[in-house]
Amino acid sequence: MSLDDTSPAGRAGFDELVPSRYAVRVGDIDVMVISDGVLTPPAESMATNADPAIRGAWLDKRFLAHDAFDWPLNAVVVRNGGRTILIDSGIGEEYPDFPRAGQFGHRLKAAGVDLASVTDVVLTHMHFDHVGGLLVDGVKDQLRPDLRIHVAAAEAEFWETPDFSRTGMPPALAELARRASLQFLDEYRNQLRTFGEESEVAPGIVVTRTGGHTPGHSVVRLASGGDRLMFGGDAIFPVSFEHPEWHNGFEHDPEEATRVRLRLMRELAETGSWLVSTHLPFPSVSRVAADGDLFRWVPAWWDY
Ligand SMILES: [Zn+2]
């Protein structure tokens with residue numbers, strides 16, 4: 001059985017085997033998760049500090065390959081009170097090493113969201129799999145000139161002279177990340193609305209810097225009518241619930257990223273807030289339960 005979508009970007013006439021969008025409501029706020037596809041980094045990058053035998057056993061228990069890790073890539077559209085807010089934008093179309101990703105643009109269109117209707121973009125951070133969708137040819141021309149792009153000031157500053165010394169990224173990937181962030185800053189600098197620690201993007205929609213993964217990495221918390229949902233960006237990965245101590249190869253400060261991950265998972269377990277996250281299996285709508293000192297990922301049952 002294969003559910004691989006290996007057709008190239010554009011995909012005219014291509015029938016998708018599975019749905020690529022999933023909508024939920026958080027009080028009055030409409031949230032739609034859209035899959036950008038799947039990345040396939042080396043499985044080792046999911047746990048750079050793990051004993052290879054323990055990492056291998058974890059993968060085996062889940063019937064996962066030891067080489068490439070199927071790493072989902074999700075972005076979100078939030079709509080409320082006349083505002084249309086994108087949280088991240090997928091990887092775009094520049095990365096031939098990841099042919100199964102880069103689908104956010106056409107899937108956004110298929111979901112009936114016109115780029116011209118987008119009032120705000122919130123970036124969890126400026127890695128290429130989060131800003132790449134904004135760098136696709138022709139996208140900027142369709143966006144409104146008064147578009148606001150919310151990102152932590154520490155993030156914009158970091159990418160002026162980024163430091164990869166503590167990541168496990170191969171040099172070629174680090175170079176891609178450097179190039180994408182510089183291109184992003186170059187093209188969108190005038191649209192940036194930077195914040196220090198926290199900013200209310202719209203009523204009930206708050207972005208908060210966590211640091212760790214990158215210095216300006218941020219999460220977005222939605223709250224309305226007693227409902228809560230957190231978009232966790234790159235703070236929480238599929239391996240994190242059982243192994244929060246596993247460093248991810250894309251983390252610029254792995255120890256701090258681990259502290260952030262633990263803090264957020266404890267918060268989610270205590271509050272019962274919904275979680276949606278970039279690299280959890282689509283649609284990633286889930287809750288986090290405490291399980292002794294560790295955690296359990298509890299995906300939502302699809303609401304048909
Ligand atoms: Zn990412």
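This briefing covers the overall build of one protein chain and the pairing of its strands E1, E2 and E3. The model is predicted. The chain holds 7 helices and 14 strands. Its radius of gyration is 18 Å, close to the 19 Å that the globule rule gives for 304 residues, so the chain is as compact as a globular protein of that length.

**Overall build**

- Buried residues account for 46% of the 304 residues in the chain.
- Consider contacts between residues at least 6 apart in sequence: 71% of them join residues at least 24 apart.

- Strand E1 spans residues 21–26, and strand E2 spans residues 29–39.
- The two strands pair in the antiparallel sense, over 6 bridges.
- Within this pairing, Tyr 22 stands opposite Val 33 in E2.
- E1 and E2 form a hairpin, with 2 residues between them.
- Gly 27 sits in the turn and has a positive phi of about 60°.

**Strands E2 and E3**

- E2 also pairs with strand E3, which spans residues 71–80.
- E2 and E3 run antiparallel, and 9 bridges join them.
- Here Ser 35 stands opposite Asn 74 in E3.

**How covered is E2?**

- E2 is mostly covered.
- Of its 11 residues, 9 are buried.

Methods. Residues are numbered from 1 along each chain as its sequence is written. This is a predicted model: local features need pLDDT of at least 70, side-chain atom pairs count only at pLDDT 80 or more; totals for chains, interfaces and linings use all residues. Two strands pair if DSSP finds at least two bridges between them. Helices (H or I, at least four residues) and strands (E, at least two) are DSSP runs, numbered from the N terminus. A residue is buried if 20 or more other C-beta atoms lie within 10 Å of its own, exposed if 12 or fewer, and partly exposed in between; C-beta atoms are placed from the backbone. The radius of gyration is taken over C-alpha atoms; the globule rule is 2.2 Å times the number of residues to the power 0.38. Two residues are in contact if their C-beta atoms, placed from the backbone, lie within 7 Å.
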